[in-house]
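This briefing concerns a single model and is arranged by topic. Please consult the sequence and the coordinates alongside the points that follow.

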Amino acid sequence: MPFVQVHIANEIEREKEKSPEFEKAWDESREEYRLIGEMIHIRKQKKMTQSKLAEITGNKQQVISRIEKKENNPSLRMFCNILNALGYELHIVKKTNG
């Protein structure tokens, strides 16, 4: 059976057009993924392993791995604890476009 080439961005746009619920869920998840991506970037920039971050935060390495692979959504408390261990903190700012 031959492989079929799929353009993910096109498929997502099609689904967003068909379903307002999908569009809302997709848009909300983007910010979550962005924040986790920033956390990963900071950890790697500091040359800190998942194991070391887990040790500092009192978690298991597997927990950090699952968060980074987006298999598990951390609570706000856990996310802030991880950021704190990396020397960062979370701030809320008013959107400029709304």
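**Glutamate 68 and its polar partners**

The side chains of glutamate 68 and arginine 43 are joined by a polar contact of 2.6 Å. The model is a predicted one, and the values below are computed from it.

- Glutamate 68 belongs to helix α4.
- With a relative accessible area of 9%, glutamate 68 is under the 20% cut-off and is therefore classed as buried.
- A second polar contact, of 2.7 Å, links the side chain of glutamate 68 to that of glutamine 50.
- Leaving aside residues up to four places away in sequence, glutamate 68 touches Ile36, Met39, Ile40, Arg43 and Gln50.

**Helix α3 against helix α4**

- Helix α3 spans residues 50-57 and helix α4 spans residues 61-68; their axes come within 8 Å and cross at roughly 115°.
- Because of that angle, α3 is roughly perpendicular to α4.
- The crossing in which α3 passes α4 is right-handed.
- On the α3 side the contact is made by Gln50, Ser51, Leu53, Ala54 and Thr57, and on the α4 side by Gln61, Ile64, Ser65 and Glu68.
- By class, the residues of this contact of α3 with α4 comprise three nonpolar, five polar and one charged.

**Helix α3 against helix α5**

- The axes of α3 and α5 are 9 Å apart, and the two helices pack at an angle of about 110°.
- That angle is why α3 counts as roughly perpendicular to α5.
- α3 and α5 form a right-handed crossing.
- Leu53, Ile56 and Thr57 represent α3 in this contact, where they meet Asn81, Ile82 and Ala85 of α5.
- The contact of α3 with α5 is made up of four nonpolar residues and two polar ones, with no charged residue.

**Helix α2 against helix α5**

- α2 and α5 have axes that come within 10 Å and cross at roughly 25°.
- It follows from this angle that α2 is roughly parallel to α5.
- α2 passes α5 in a left-handed crossing.
- The residues that meet are Leu35, Ile36 and Met39 in α2 and Phe79, Ile82 and Leu83 in α5.
- The contact of α2 with α5 has six nonpolar residues, with no polar and no charged ones.

**Serine 19 in the loop between α1 and α2**

- Serine 19 is located in the loop that separates α1 (8-18) from α2 (20-45).
- Serine 19 has a relative accessible area of 18% and is buried.
- A polar atom of the serine 19 side chain lies 3.0 Å from the backbone nitrogen of phenylalanine 22.

**Lysines with positive phi**

- Lysine 47, in the loop between α2 and α3, has phi near 55°, a positive value in a residue other than glycine.
- Lysine 47 is exposed, at a relative accessible area of 74%.
- Lysine 70 lies in the loop between α4 and α5 (76-85), and its phi, near 60°, is likewise a positive value in a residue other than glycine.
- Lysine 70 is partly exposed, with 32% relative accessible area.

**The segment before α1**

- Glutamine 5 is found in the segment before α1 and is exposed, with a relative accessible area of 68%.
- From C-alpha to C-alpha, glutamine 5 is 38 Å from isoleucine 82, at a separation of 77 residues in sequence.
- Histidine 7 also sits in the segment before α1 and is partly exposed, with a relative accessible area of 47%.
- Histidine 7 and arginine 34 are 27 residues apart in sequence, and their C-alpha atoms are 21 Å apart in space.

Conventions
Residues are numbered from 1 along each chain as its sequence is written. This is a predicted model: local features need pLDDT of at least 70, side-chain atom pairs count only at pLDDT 80 or more; totals for chains, interfaces and linings use all residues. Side-chain values use heavy atoms; hydrogens and water are left out. Axes are lines fitted to C-alpha atoms, for helices over the stretch in contact, and angles run from 0 to 180 degrees between N-to-C directions. Helices (H or I, at least four residues) and strands (E, at least two) are DSSP runs, numbered from the N terminus. Angles under 35 degrees count as roughly parallel, over 145 as roughly antiparallel, 65 to 115 as roughly perpendicular and the rest as oblique. A crossing is left-handed if the near helix is turned anticlockwise from the far one by less than a right angle, and right-handed if clockwise. Contact means heavy atoms within 4.5 Å. Ala, Val, Leu, Ile, Met, Phe, Trp, Tyr, Cys and Pro count as nonpolar, Asp, Glu, Lys and Arg as charged, and the others, Gly among them, as polar. Buried means under 20% relative accessible area, exposed over 50%, partly exposed in between (1.4 Å probe, protein chains only). A polar contact is a pair of N or O atoms within 3.5 Å; within protein, one must be able to donate a hydrogen and the other to accept it, and residues adjacent in sequence count only if both atoms are side-chain atoms.
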